Amino acid sequence: MLITRRNTLLGSAALGASVPLVGARAAVDDVPTANVKPLQYKPEPGASLHILRPAKFVDPDETIWRANTKKFSDTTGVEVKVDLVGWEDIASQTAVVANTGAGADVIVGFGPSAHIYQSKLIDLTELGEYLGAKYGGWYQLGQIYGRKWGGKEWLGIPMGGTGGPAVYRQSWVKEAGYDHIPRDLPGFLDLCTKLQKIGHPSGFSLGHAVGDGNAYAAFLLWSHGAYLVDEKGKIALDSKETQQAMKYAVELQKTLIPGTLTWNDVGNNQAYTAGQISLTQNGVSLYYSLKNSSDPALKAIAADTMHEPMPLGVSKVRPETCLAISATVFKHTKFPNAAKEYIRFMMEAEQYGPWLEGCLGYWCQPLKAYSSMKFWQQDPKLTAYATSMDTPYYHGYKGPISAAAAAVLNNYTLVDMFASVVTGNTTPQEAAKLAARQAERYYKTA
Amino acid sequence: MGTAIQAPARDHRFVPAPGGWLTRLFDYKPFLVFLCLLPTVGLLTVFLTYPLGLGIWLSMTDSTIGQAGDFIGLENFQDLWDDPVFWMSVTNTIFYTTVATAGKFALGLWLALLLNNNIPFKAFLRAIVLLPWIVPTVLSAIAWWWIYSPQFSIVSYLLVDVLHLSDRYFDFLGTPWAARCSLIVANVWRGIPFVAITLLAGLQTISPSLYEAALLDGATGWQRFRRITVPLLLPILSVALTLSVLFTFSDFQLVYAITRGGPFNTTHLMATLAFQRAIPGAQLGEGAAIAVSMIPFLIVATLLCFFGVGRRKWQQGEAND
């Protein structure tokens with residue numbers, strides 16, 4: 001199945017170049033691979049590539065990526081230009097490239113882009129299946145973002161995701177009588193109540209914070225078994241479960257630090273760094289900014305920090321999603337084989353392993369085999385991030401992935417639904433109806 | 001002025017045209033007028049008419065970022081009509097504009113009168129007054145955002161931790177009305193310099209002899225203000241008011257940087273809501289419809305300011321009664 005006219009077996013030149021590199025990095029030894037038939041694409045003669053990807057999280061994210069790219073160029077002779085684009089611009093730049101049919105050959109963009117622009121993309125089924133077979137299979141979220149909705153075809157190759165579990169101060173949680181974040185919702189409410197009592201309240205944003213606010217709103221919904229749309233993309237927000245989620249949010253809000261409704265995406269980071277809150281939900285960046293600080297007080301907070309999944313509630317798996325990126329190849333590229341070969345090359349353990357390790361947990365792998373890399377175990381604080389992509393949840397769950405889900409996020413539809421209820425400005429019924437109405441409008445046009 | 005231009009042209013016409021048709025063409029007045037207007041018309045078309053036309057067109061399509069969309073008539077406007085968030089943004093905008101403009105003019109006029117007096121370091125003080133206006137709005141917005149922060153507000157810090165006047169930090173932006181008022185304060189702070197400096201310029205043009213004459217007639221300070229300053233300041237006041245209303249009505253940066261329309265969309269102005277829906281939300285058509293909805297309000301506001309305040313005979317070049 002893996003052999004087509006486009007791929008050939010490993011050429012002797014490529015083999016010669018990659019063998020010493022395998023030995024050069026101990027990191028890749030941790031990655032178990034299945035013995036599958038190798039896949040390689042032969043770049044078109046004189047091929048060159050233009051790649052867009054989101055701006056780096058940490059320096060190694062970019063330097064190792066560029067080093068891997070250089071290795072690719074040296075091996076294949078394909079010249080590659082990599083442009084790093086600001087996070088807020090990548091979606092609009094993807095839209096422009098897709099609509100003008102010009103520009104970058106490969107875009108490593110946000111997960112939903114592969115679905116939104118699928119008619120403009122080259123099929124990557126062969127590559128997706130090869131990588132899955134070789135590296136222990138794809139995590140659920142990788143499959144959801146990578147594959148066509150309800151189909152087997154691969155539209156994009158997921159490259160990583162960055163999750164947002166609970167971030168907390170161990171000493172204060174212990175003081176409140178808990179060793180871990182409780183797995184159940186009443187226990188979690190009890191923890192937050194006790195944290196407030198000891199003067200170290202928790203804080204979850206319900207302000208206009210695209211990342212944090214939406215992550216908290218999603219947690220509230222999913223942990224109660226509620227969801228925005230059903231499998232067919234029909235709005236399913238006006239439900240008993242949503243009402244329960246809102247009731248829970250009202251109770252939880254009473255235990256939080258005042259002002260969470262005004263927090264933007266840095267609000268909880270600032271409050272946590274200042275020692276004003278004991279518990280929040282965030283990416284690993286918060287921990288690293290504390291750990292890498294030259295201020296001993298902040299280093300002490302980092303040492304006291306722990307990450308754990310948010311409580312499950314009625315959900316079987318952690319009710320969190322992550323911001324995932326996928327590599328997509330556009331039909332307008334003159335060098336489809338070079339583009340596919342580039343993605344394959346970057347996803348192979350020799351390149352991907354060091355990159356993942358260098359990113360220090362900022363990115364979680366979409367391929368299961370990479371979870372056994374040693375660095376995930378070395379710092380127990382990272383464990384909660386190691387399986388961020390092992391989740392069926394995504395923004396717009398359970399519906400087909402579309403531009404509408406992004407519109408709901410960016411218009412804070414769900415965040416505002418909870419915010420208006422926890423402040424007592426709207427009844428849960430009205431809030432759910434209003435949010436459903438807004439969401440319906442986006443789902444209608446998408 | 002017309003005769004001065006026409007005279008040499010007429011002379012020219014009597015001389016046999018040396019350059020043939022080209023010279024005659026340039027002597028043809030309608031053509032010359034057309035030619036001279038061309039750059040302006042071109043600029044207006046490219047930078048004003050086209051974007052405006054495109055905005056109106058987009059407001060009648062279901063375009064999203066990434067899809068050109070189809071013509072859907074007035075559907076976007078119908079949807080907005082039933083959208084409580086949109087109506088909230090309309091009332092917010094009107095409230096914000098009215099209260100903030102009133103505040104800016106009251107304080108700005110007061111400041112201008114103060115600065116018009118002979119005070120030490122006059123030039124220095126005038127320069128200082130301009131500061132809020134010189135600082136890029138986004139920077140001052142960030143400063144205000146810190147001032148209003150629920151955890152790190154300097155105001156809360158002073159009142160709670162230093163002066164012990166209150167036992168808890170203020171939640172400036174956490175409830176709808178507090179947030180709206182906080183935004184208005186920030187906007188007034190930023191708008192005062194414009195009003196003050198403009199009115200100060202107007203005050204400087206009032207001849208001191210009028211005040212001297214009034215003094216000789218025994219007019220009180222209030223009478224001098226009421227009978228001399230106000231009427232002579234009205235023309236510039238109406239211009240400043242119009243501009244200020246326009247600036248405030250279409251304000252975006254302060255609100256977007258401080259609250260992003262939160263909490264739960266209760267501080268959205270029409271401009272921020274239009275941006276929110278069009279760019280981050282990718283619903284270009286809907287965003288354009290909101291922006292287009294601003295036009296009638298802006299026209300009414302402009303006309304009200306200009307004619308309401310400034311309708312005086314001397315504005316139309318006639319003598320005052």
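This is a predicted model: local features need pLDDT of at least 70, side-chain atom pairs count only at pLDDT 80 or more; totals for chains, interfaces and linings use all residues.
Modeller: Residues are numbered from 1 along each chain as its sequence is written, and chains are lettered from A and ligands numbered from 1 in the order in which they are written.

Biologist: Why is C364(A) called buried?

Modeller: A residue is buried if 20 or more other C-beta atoms, placed from the backbone, lie within 10 Å of its own, exposed if 12 or fewer, and partly exposed in between. C364(A) has 28 C-beta neighbours inside 10 Å, and therefore counts as buried. This residue lies in the loop between helix 15 (349–358) and helix 16 (374–378) of chain A, where helices (H or I, at least four residues) and strands (E, at least two) are DSSP runs numbered from the N terminus.

Biologist: Which residues does C364(A) touch, leaving aside those up to four places away in sequence?

Modeller: Contact requires that the C-beta atoms of two residues, placed from the backbone, lie within 7 Å; the partners of C364(A) include G160(A), G163(A), C322(A) and Y385(A). G163(A) is 201 residues away in sequence, with a C-alpha to C-alpha distance of 7.8 Å.

Biologist: What makes strand 4 of chain A mostly covered?

Modeller: Strand 4 (residues 157–163) has 7 of its 7 residues buried. The strand is joined by 6 bridges to strand 8 (residues 322–329) of chain A, running antiparallel, and G160(A) stands opposite I325(A) in strand 8.

Biologist: How do you know that strand 5 and strand 6 of chain A pair?

Modeller: Two strands pair if DSSP finds at least two bridges between them, and 3 bridges join strand 5 (residues 166–169) to strand 6 in antiparallel fashion.

Biologist: Why are strand 6 and strand 7 of chain A called edge strands?

Modeller: The open antiparallel sheet of 3 strands has the order 6-5-7 in chain A, and strand 6 (279–281) and strand 7 (305–308) each pair on one side only.

Biologist: Why is helix 11 of chain B said to lie largely in the open?

Modeller: Of the 9 residues in helix 11 (residues 208–216) of chain B, the number buried is 0, so the helix lies largely in the open. Just after this helix, G218(B) takes a positive phi of about 85°.
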